[in-house]
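Hi,

Here is the structure I promised to pass on to you. Have a look at it first, and then read my notes below.

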Amino acid sequence: MPSGQAKTRSFFWPVFVAVVVLCAAVPLGLWFVTVPYYATWPGPVKEVVDYISIEEGPTVHPLNGDLYLLTVSLQEVNVYGVVEGWLDPDVDLVGRWNIRPEGVTPEEYRQANLTAMERSMDNAVVAALDYLEIPIERGVGGVRVASVLPDGPAAGIVEVGDVVVAVGGTPVTSRAEAIETISSRAVDDLVVLDVLREEERVNLNVTLGEHVDFPGQPMVGVGLEVYPPPAEIPFEIEIDRATSGGGPSAGMMYSLGLIDLLTEEDLVGGKIVAGTGTISPDGVVGPIGGIRQKVIAAQDAGAGFILVPEDNYADALTVKGDAVEIFSISTIDEAVEALREAGG
């Protein structure tokens, strides 16, 4: 064999092997590269009343038909997941910052979602019993402390989870009332916060500081969120929070399930009705995420009628099929009327 040919072969094989290894390693490596997006696709469809238990209360009337809550499956994706999301019309890609803000760990996000689900289910019970005019004994209302500014006036005094029921002797039941009361004071004023902490009522003295965003304005240095007052209901209602998987967006459907079970009238009327939407204690239905995927899941499950929050209605129509009717809902009263129309 000529020496030049031998040299060519001895050079070719190492290069060939290196190229093959590189071509195999790059796709494999991309599998482990995450990108700042979540993929959402249609999740399981579940019968609402399967997760509701009523004991020692009014007569329960079995559901005639199906009343489905809708879910969305959510997962962080790699490069291949992004490509699949672009190609699959049932999948949406959502920026991670819209799901889990910067600085929030996956565990913190999970816990926040569980807390939101707990509140939504409690709200669902209160909204349903209010609609049915079943008396409820309510506790003290206020605003819950969601965060404390590390270097703010309240640091070391106020704790996350405290419920502020009065500021300087003035009762507060909303963020707006609390902010208005604090704004009426001056920087360096001493105010007494009347708070509930682990079921005990305590007074906390806080010297107001200057607002970090509005010079000259006073602040306590806490973030506040809605706190619906605890409610004592006259009989036992349990919602299976562990396996229902509905999250906060199932609130409206839990309310409807309770109303149907406790109403002699046949609201569903043998039809298949699905829906989604958050619920407040006073029966206001709020927007949710993943509406396209939820409508797709409802249609795949055979639903002929879908109830969606008013704010999500336009997006729901983008995937609506010919065999389904979609209702725009803003209150629990509208939801019941839509249920009657669908079941009638």
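Accessible areas here come from the Shrake-Rupley method with a 1.4 Å probe, and for residues only the protein chains shown count as cover. On that basis the protein has an accessible surface of about 18,300 Å², with 55% of it belonging to carbon and sulfur atoms.

Please keep in mind that this is a predicted model: local features need pLDDT of at least 70, side-chain atom pairs count only at pLDDT 80 or more, and totals for chains, interfaces and linings use all residues. Residues are numbered from 1 along each chain as its sequence is written, and side-chain values use heavy atoms, leaving out hydrogens and water.

The protein has nine helices and 20 strands (DSSP runs numbered from the N terminus: H or I of at least four residues for helices, E of at least two for strands). Of its 344 residues, 40% are buried, meaning under 20% relative accessible area with a 1.4 Å probe, protein chains only.

Helix α4 itself covers residues 106-131. Its buried residues, among them M117 and L129, pack against elements including β15 (236-239) and α6 (251-261). L256 touches L67 and L307, among others, where contact means heavy atoms within 4.5 Å.

Enjoy exploring!

How values were computed: The expected span of a helix is 1.5 Å times one less than its number of residues. Buried means under 20% relative accessible area, exposed over 50%, partly exposed in between (1.4 Å probe, protein chains only). Lists of a residue's contacts leave out its neighbours within four places in sequence.
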